[in-house]
Amino acid sequence: MRLSSLFGPTAAEFAFLIQLWPMVSFIRPTQGVDFTPVPAPNLDLSGLGQVALTGNFDSISLFSYQQESESTPSTNGSQSLITQLPNGDFATTATSDGSITTMCPFVMQDGTFAGVIVGGNFTSLSGVEAQAVAMYDATTGKVTPLPGITGSVNTLLCDNVTNTVYVGGEFKGANSTNAVAWVGMSGWANLPFEGFNGPVNSITSAPNGNVIFGGSFTGLGNSTTITPNDPDQQIINIATANITSGGTTTTPGFNNASNIVCKTSGQDGAGNTWLLADNTPGFWEAAMNFGYEPSLLRIWNTHQDGRGTQTFRFTALPLNGIMNFTYTDPDTGEEGLFCDARCPLTANTSVPYQDFRFYNTVGMSAFRIDISAWYGAGGGFDGIELFQNEIFAYAVDSLNEPTCANIQFGSNATATGPWTVSPSVPSTTSEYLTASLNESNISGVSVVFEPDIKQKGNYTVTIFTPGCQADNSCDTRGIVNITGNYATASAPGLPLQTQIYQTNDYDKYDQIYQGPVDVNSDGFRPTVTLAPLAGQQKNITIVAQRVQFNLTGNSTVGLNGLYEFDPNSNTLDTTFSNSTFDQAGMDLEPGATVTTMAVLNNVTFVGGNFTDTSTGFQNIFSIGTGNSTSLPNGGLNAEVSSIVTYNNLLYIGGNFTNTLNGSVTGLNNVAAFDPTTNVWQALGAGVSGAVSNIVSLEVNVTTDKPETCITVNGFFNQLNGWDSYPPVNVSGFGIWVPSRQNWLQNLHLPSQAITGQLTAMTNVTKPNTTEFALLAGVLSSKDMSSQDAVYLKSNPTTIQSLNVGIQPQPIGPVTRKRALSGQDVTGAVAGLFHASGSLNVTVLGGHFTATASNGSIINNLVILNGTTITGLSPGLDSDSAFLALAASDTILYAGGSVTGNVNNAAVNGLVFYDLGLAAYSYPQPPAFGGDNVAVNAITVRPNKSPAQVYVGGSFDTAGSLGCPSVCIFENGAWNPPGSGLTGSVTSLTWQGTDKLLAAGNLTVSNNATSLATYDTTKSQWTALNGAAESIPGPVTALASANKDASSFWVAGQSKNNSAFLVKYDGNSNSYSPVTEGLGPQTTIQGLSVLQLTKDHSQNNLLPNNMILLVTGQLNLTGFGNASAALFNGTTFTPFILATSGNSPGSLSQLFSENSVPFKSAGGHMAVGFVVLIALACALGAIFLLVVAGILIERYRRKHEGYTPAPTNYFDKTSNMGRIPPEHLFGRLGQSRQAPML
């Protein structure tokens, strides 16, 4: 059959067509995805010397495009469409509520680009309801749903020759199962063979143009339709329905409409019969809390006192549609009769009941039977039953088959745990169970479904999950384990288990099993158990609704996982012997599963889980011009799940460890194969677990130099060590660089940082556009991989790795807390550039481990001297955390939550280290005392010799000296700075040389405040005026706003746990809070005022040439997470995005060699000075003009020539006699007129 005639009047095979609305396919001629660059930050760091940032991150980017975000790979099962930004980073363009497994660009015969077809296991894409498949416009981002499929899509093939998209998976669509076609822009159509009796995993186009289907099937859809031996197997529960009636008799014992529920004896009488009033039409109605599709209606007519129903009609609700039936006349025996509005019932008392089979399959949740004619004095019934072909087990047990029906093994469910019944809503088909779980009640929670299986056979089992939008539980929906026990213990591979993410926005249907199911018996019942997956977040919601068992057919002789379809043939060949592909499947052992196929150089490579004993190969083979051919060494020794071609090589992923004969080492779950040389190649030594997908990707292997790499995605946690390369810890994601023949993670280049997993990739080419790659999966990328510290450069603004060998240290029981905020301390917190004499070092402190240049392990503080990395000498506890650093001459002062023993003396909070000697100073200062001692700030008093070191934090004593919150170390001893200050100090800064500003959570003379000043000349602490009222909580960050720090910025957490940012103006003694821009969950850790190369607009908070850098873990209104932002006095702009593992990262602080070069305080220059400067400028300009005139005149003379002046003197007095005296002096006495203007 030719596809050009598929939808013609004679195409009986394609008679069923779902017509969709017209789809706009006009695409504007632009690049595939529009990217919006953000303005340059215009930072001027030239006066600061070296500048660096510390924090807790392993990847970091400057915010360059509006499409960038700090998002990390999703862990709730949702995946996205992803595209690459011009800087090499990746941006999400559309997000689904489930998995995306396949994509293809749909280009029509005439070259029109219709869109990218996206398939997977989702119910929404970019917020649009779309079941399993949708069309995506890669220019506008518009999503067009393609309704008509229920289930999941595994594979797509876009064929522009026939204007057809072939869709395969585990679903029902049109009149087909597991395979269907979308033709042109018209809609769904059945393929001539109506799909398959098992899942389709891969579809490809053979070199001859035919379409090859691969999967786990044994028969075609149109040859495997099966009718149960006993149709109408399941009774629909009417017993729990809401029963109402109209026109009912008032006779006691006969006026209860529920009399006829679960009555199958046909016995008349009070309590058994429901009657209408005499000579009155009426109705009987049942409304259920679930939906169903009945196949059979059974009615027991009444014969009470000669009464009975003569005709009735059945109306489906809420559709209000009158149903058509077929029936057999019990009086004549005539079969196949039809009725609708007047269906007859006999008055023959020897007929116990009559069956009416529904002519159409129609869904409903209620029904009404109207009685229009009767025998005797009136109508009525003795019993009513509804049946359906589908076999369901409901989590709400009252919806299962009624116990009053006395069914031996009726469908039922057993719920254990804190389940509650949630009502059905318009988007769901029935009531369902909901459980809200936490650590205290998650143990033992489950629902066990037991279906009513009356016939042994092959079944597909589907579980239904209600959408989370209907009950507003999307934020807490969790993951469930589904465990099935479908046949007796002798069946292989049972029980079976799978995981299902319940984060679907709308109702979804997951096929969890296909295979043999045993009949119910006293010794065995098939079961499906739903339970929460262990190890999830603390508070989750899970739901349980229903499970369906659908009887399928047995094998069609010849099919075994492969089928070749000729779209240009007028006939459907079901002998299968003429196809090389069909024959290749037949040659495999029964039960073959094909998971992936790829075509390279006109050869089709087939991978999966199968064996060919006749030729001795497993799991992968090729089909060229002849029969199937084994790959060298017998193929691979376990399942192949993915094949990708690149640069004339096959990249293969799966669950294998070697070739079949074990002759090629290093093929652990991933391998490459060269068809030209017929040789296997190892990718290093492979990975530590199964690989599910291989996807090619453009990566900036070195900065701004993209090249094609191979991503390996799956269930592994290491890139195996090989040669001199040690194992590398990963989270199911590795990047192989073909040009380097190595993993990107081994190259230690300044390359992109990419984490997540990819499932699919397709190249999109549209008219008048360049080709670009569209990816699917979960992906997070940043400009570079760098651990906890980076350099910051300006002109242009860039970041560069500050490589000091830091390794991430996971949060555990020993993780220290910030003394004030209680936050976990991980990564680099404090930094210091220090030069003294020949000493020039960079110091980083925090809570981390690092590797020294000599290979030794360093804990929590590193010293970089040139290219040499060292740490402190032994003595400190490894769980210490450094929070503050300062230096004077060669002495490093390092404080924090620091404990240990140095020079036979206890250390608590602070340690002194001689950088010149690379040894601890001797003696060490007496240790601090108190509860939870922590040093948060250290500053050396300016212009003071010998050095006075001011230390602030959370402590009560220094040695035996009472010295709370701030203590001074001078001349080898501690001294308290005045009295009256207590609390926890987080920041210290000097306001000149004699005044110290302290911030934190303080008390001055028993008055609570967050800011206090210390006058060194008076040894007196004073609470800053207005701070207690204007600062809403403890201060965690402080930055000077002018040269003498009389104005400054503070930030912290309010008492309601929200972040605050306040500017203090020392000239007016006023506080200006920033009230907009920072969202919930914001934590500010650092503030820095920086200079700009380009002024911003005028405002009252910042000078035009200054900007505020805010660091921490920020939530910016209208944007989301960022690790640093720039505030210009009116607006926050994202500046730096960072991640740490699978979580957002954070930046602690900026540190630099030099202080910010503020202009001197004191306001505007005096007017007199301005006038003098202006006059000097004017005179200077005149002088320059005169000089320029002289130079120009000399140039003119040189080029034009001139005559030298005569050297003879003329008689200077000879002409004097010619001027009459009156001409010289005659007018001196005359009046003078004003000059004319």
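Guide: Pro-675 counts as partly exposed because its relative accessibility is 25%; the class lies between buried, under 20% relative accessible area, and exposed, over 50%, with a 1.4 Å probe and protein chains only. This is a predicted model, in which local features need pLDDT of at least 70 and side-chain atom pairs count only at pLDDT 80 or more, while totals for chains, interfaces and linings use all residues. Residues are numbered from 1 along each chain as its sequence is written, and side-chain values use heavy atoms, with hydrogens and water left out.

Pro-675 belongs to the loop that runs from strand 51 (670-674) to strand 52 (679-682). Helices (H or I, at least four residues) and strands (E, at least two) are DSSP runs, numbered from the N terminus. Leaving aside residues up to four places away in sequence, Pro-675 is in contact (heavy atoms within 4.5 Å) with Leu-600, Phe-605, Asn-648, Leu-649 and Leu-650. Between Pro-675 and Leu-600 there are 75 residues in sequence, yet their C-alpha atoms are 8.7 Å apart.

The chain as a whole provides the setting. Five helices and 93 strands make up its secondary structure, and 53% of its 1237 residues count as buried. Of the contacts between residues at least 6 apart in sequence, 59% join residues at least 24 apart.

Arg-546 is buried but has no salt bridge, a term for a side-chain nitrogen of Lys or Arg within 4 Å of a carboxyl oxygen of Asp or Glu. Asp-507, the nearest side chain of opposite charge, is 6.5 Å away. Among the residues that Arg-546 touches are Phe-392, Tyr-394, Phe-449 and Phe-464.

The structure also contains five disulfides, each a pair of cysteine sulfur atoms within 2.5 Å. One of them pairs Cys-262 with Cys-404, with the sulfur atoms 1.6 Å apart. This pair links distant parts of the chain, 142 residues apart: Cys-262 is in the loop between strand 20 (242-246) and strand 21 (274-275), and Cys-404 is in the loop between strand 32 (391-394) and strand 33 (412-416). Cys-262 is partly exposed, at 23% relative accessibility, and Cys-404 is partly exposed at 34%.

A disulfide also joins Cys-339 to Cys-343, at 2.1 Å from S to S; both cysteines are buried. The link is right-handed, with 95 degrees about the S-S bond.

How values were computed. Lys, Arg positive; Asp, Glu negative; His and termini not counted.
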